[in-house]
Amino acid sequence: METNPSKYFLSAEKRLNQARKELYRPEEDIVSYLVCKNAQHAIENYLRGYLLKHEVEPSQFETIEDLYKACKKINKDFSKVNLSGFNCKAENTDNKFCNDVSKVSNCHKIADSLHHFLREEKVI
């Protein structure tokens, strides 16, 4: 069991930055899979870090949706972070990916909004 939420947050930051960097390339050069996977992992790590920070073992949750629901139980304000449109939310992040730039752009937007929410909450 990981006991340091900072490791999750640092990993999430790194993944979000990688997704952002890829997304800001010219559209014909974007590797959508990289944006998608990095955004997914950023979201997952932000949620796992939040749970661990509140002394909830995150490994018991298999999906991003499960992690999100557990975070909402701790802090109802998590409902401000809208995961709608995140097509992978009910799947394990190793099984889904997007090929459409507009879809992966939305995944990046969700990861970025989660990042901003955690900053507003002074978690990161």
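Reader: In what order do the elements of the protein run from the N terminus on?

Author: This is a predicted model. The protein has four helices and zero strands. Read from the N terminus on, its elements therefore follow the order α-α-α-α.

Reader: What percentage of the residues in the protein is buried?

Author: A residue counts as buried when its relative accessible area is under 20%. The protein has 124 residues, and the buried share of them is 45%.

Reader: How are helix 1 and helix 2 oriented, roughly parallel or roughly antiparallel?

Author: Two packed helices are described by the angle between their axes and the distance between the axes. Helix 1 covers residues 5-23 and helix 2 covers residues 32-53; their axes lie 7 Å apart, at an angle of about 160 degrees. An angle over 145 degrees counts as roughly antiparallel. Helix 1 and helix 2 are therefore roughly antiparallel.

Reader: Which residues, by class and number, form the contact of helix 1 with helix 2, and is the crossing left-handed or right-handed?

Author: The contact of helix 1 with helix 2 has 14 nonpolar residues, together with six polar and six charged ones. As for the way helix 1 passes helix 2, the crossing is left-handed.

Reader: What is the distance in space between Val 31 and Ala 19?

Author: Val 31 sits in the loop between helix 1 and helix 2. With a relative accessibility of 39%, Val 31 counts as partly exposed. Val 31 and Ala 19 are twelve residues apart in sequence, and their C-alpha atoms are separated in space by 9.7 Å.

Reader: With which residue does the side chain of Asn 75 make a polar contact?

Author: Asn 75 belongs to the loop between helix 3 (64-74) and helix 4 (101-120). Its relative accessibility is 11%, so Asn 75 counts as buried. A polar contact of 3.4 Å links the side chain of Asn 75 to that of Tyr 50.

Reader: How many disulfides does a search of the whole structure find?

Author: Cys 71 is buried, because its relative accessibility is 0%. Cys 107 is buried as well, with a relative accessible area of 1%. A disulfide requires a pair of cysteine sulfur atoms within 2.5 Å. For the whole structure, the number of disulfides found is zero.

Reader: Where does Glu 55 lie, and is Glu 55 buried or exposed?

Author: Although Glu 55 is not a glycine, its phi is positive, at about 60 degrees. Glu 55 lies in the loop between helix 2 and helix 3. The relative accessibility of Glu 55 is 76%, and a value over 50% means exposed. Glu 55 therefore counts as exposed.

Reader: What is the phi of Lys 122?

Author: Lys 122 is found in the segment after helix 4. Because its relative accessibility is 72%, Lys 122 counts as exposed. Lys 122 is a residue other than glycine, yet its phi is positive, near 60 degrees.

Methods. Residues are numbered from 1 along each chain as its sequence is written. This is a predicted model: local features need pLDDT of at least 70, side-chain atom pairs count only at pLDDT 80 or more; totals for chains, interfaces and linings use all residues. Side-chain values use heavy atoms; hydrogens and water are left out. Axes are lines fitted to C-alpha atoms, for helices over the stretch in contact, and angles run from 0 to 180 degrees between N-to-C directions. Helices (H or I, at least four residues) and strands (E, at least two) are DSSP runs, numbered from the N terminus. Angles under 35 degrees count as roughly parallel, over 145 as roughly antiparallel, 65 to 115 as roughly perpendicular and the rest as oblique. A crossing is left-handed if the near helix is turned anticlockwise from the far one by less than a right angle, and right-handed if clockwise. Ala, Val, Leu, Ile, Met, Phe, Trp, Tyr, Cys and Pro count as nonpolar, Asp, Glu, Lys and Arg as charged, and the others, Gly among them, as polar. Buried means under 20% relative accessible area, exposed over 50%, partly exposed in between (1.4 Å probe, protein chains only). A polar contact is a pair of N or O atoms within 3.5 Å; within protein, one must be able to donate a hydrogen and the other to accept it, and residues adjacent in sequence count only if both atoms are side-chain atoms.
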